[in-house]
Amino acid sequence: MKAITYNKYGNPDVLELTDQPMPKVGPGMVLVKVKAASVNPVDWKIMAGYLDPVMDLQFPAIPGWDVAGVVESTGIDAPHFKPGDEVIAYGRKDYVHGGSFAEYIALPERLLARKPESLDWNESAGLPLAGLTAFQVLKRLELAAGETVLIHGGSGGVGSLGIQIAKALGAKVIATASEKNHDFLRSLGAEPVAYGEGLAERVRALRPEGVEVVADFVGGNLSTTLEVLKDNGRHASIADSDVEEHGGTWMWVNPVGAELQELADLVDGNKLQVEVAETFPLAEAAEAFRLNMEGHTRGKIVVTVDA
């Protein structure tokens, strides 16, 4: 099969389109014919070697954890899906090797969810990692109806989904972004504020009493978080471990198919949408990585495999 691989740590120049063996499909596993895979910052951070101290990797590595595709076959004792089923997954395994930037990927059945009927393949590929990240952070923070949450990084892939999930939970949302993205945040149901110097004052102008919950999806916002958080408020970050020293939670997304199915159901209930910024064919995956590394896109960057 065709796959994007790298044989050493580095920048996107190490990515190559190569021929690789078909994945083996063991007990409890499902072989998925990939339609689309989305790029996440963790993909290039792993590729650069930044996560080498905490994650095992086997070269040649096929990057990618987000996937949307069609079940090709199932292994022994994988009763919940059958060939032809359209599925999505956050396909993080125990070590980095056989990722989603390939024509096929084998995954444990427990990671899969059924593809939302109302999304196309590219949008569906953008949902799993970003959606589960936002979902699990807000659930861990026990965000409740009527509370106000401040979301740092509202226009990014995780933040934009977090806004919508918070609204679906009945919460009020304030979200940060550059002014060019404020109309986008309003369209999702958030009150926008510009990030940068004076952020705490701008949030306090909207909520003088402070907010109950803060979800930081970009990092570098701890001081602002503490300034605007109510007494006994809850906060978490996916990018700043220092929150743990101030009563917050530092989180890493977990691959849970049942929770991903909840997100897919929210999509088909018209409560969640996925924005795709740009798509690239598999052979141009390196360009997709470069664009993601710039960090200025609104929505997801997707690689199409079997368009």
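Author: Let us begin with the second largest pocket, where β8 contributes the most to the lining, with four residues. Please bear in mind that this is a predicted model.

Reader: Which strands each supply at least two residues of that lining?

Author: For the second largest pocket, these are β4 (57-62), β7 (96-98) and β8 (104-108).

Reader: How much space lies in the second largest pocket? And which residues are the closest to its centre?

Author: The second largest pocket holds about 400 Å³ of space. Its lining has 19 residues, and P23, K24, K93, H97 and G98 are the closest to the centre.

Reader: What classes do the lining residues of the second largest pocket divide into?

Author: Twelve are nonpolar, four are polar and three are charged.

Reader: Now the largest pocket, please. How much space lies there, and how many residues line it?

Author: The space in the largest pocket is about 1,300 Å³. The lining of the largest pocket consists of 44 residues, and P41, V158, F217, V218 and I238 lie nearest the centre.

Reader: Which element gives the largest share of the lining of the largest pocket?

Author: That is α1, with four residues. The elements that each supply at least two residues are α1 (41-47), α3, α4 (157-168), β11 (172-177) and β17 (300-304). By class, the lining of the largest pocket comprises 23 nonpolar, 17 polar and four charged residues.

Reader: Turning to cavities: how many of 30 Å³ or more does a search of the whole structure find?

Author: The search finds five. The largest cavity has a volume of about 70 Å³, and among its 13 lining residues W65, G91, Y95, V96 and H97 lie nearest the centre.

Reader: Which element supplies the largest share of the lining of the largest cavity?

Author: It is β7, with three residues. The lining of the largest cavity has six nonpolar, five polar and two charged residues.

Reader: And which residues line the second largest cavity?

Author: The lining of the second largest cavity is made of G157, S160, L161, Q164, Q273, V274, E275, G299 and K300. Helix α4 gives the most, with four residues. The second largest cavity contains about 40 Å³ of space, and its lining divides into two nonpolar, five polar and two charged residues.

Reader: Let us change topic to helix packing. At roughly what angle do the axes of α3 and α8 cross?

Author: The axes of α3 (residues 128-140) and α8 (residues 257-268) cross at roughly 95° and come within 10 Å.

Reader: Which residues of α3 and α8 meet?

Author: From α3 there are P128, G131, L132, F135 and Q136, and they meet E259, L260, E262 and L263 of α8. The residues of this contact comprise five nonpolar, two polar and two charged.

Reader: Last, helix α9. Which of its residues are buried, and what covers them?

Author: In α9 (residues 285-294), the buried residues are A285, A286, A288, F289, L291 and N292. Their cover includes β1 (2-5), β3 (29-39), α1, β16 (276-281) and β17.

Reader: Which residue follows α9?

Author: The residue after α9 is G295, and its phi is positive, near 75°.

Conventions. Residues are numbered from 1 along each chain as its sequence is written. This is a predicted model: local features need pLDDT of at least 70, side-chain atom pairs count only at pLDDT 80 or more; totals for chains, interfaces and linings use all residues. Side-chain values use heavy atoms; hydrogens and water are left out. Axes are lines fitted to C-alpha atoms, for helices over the stretch in contact, and angles run from 0 to 180 degrees between N-to-C directions. Contact means heavy atoms within 4.5 Å. Ala, Val, Leu, Ile, Met, Phe, Trp, Tyr, Cys and Pro count as nonpolar, Asp, Glu, Lys and Arg as charged, and the others, Gly among them, as polar. On a 1 Å grid over the protein atoms alone, a cavity is a set of points where a 1.4 Å probe fits but cannot get out, and a pocket is an open set with protein on both sides within 12 Å along at least five of seven lines; lining residues have an atom within 4 Å of a point. Grid points are joined across faces, edges and corners, and a volume is the space filled by probe spheres set on the points. Buried means under 20% relative accessible area, exposed over 50%, partly exposed in between (1.4 Å probe, protein chains only).
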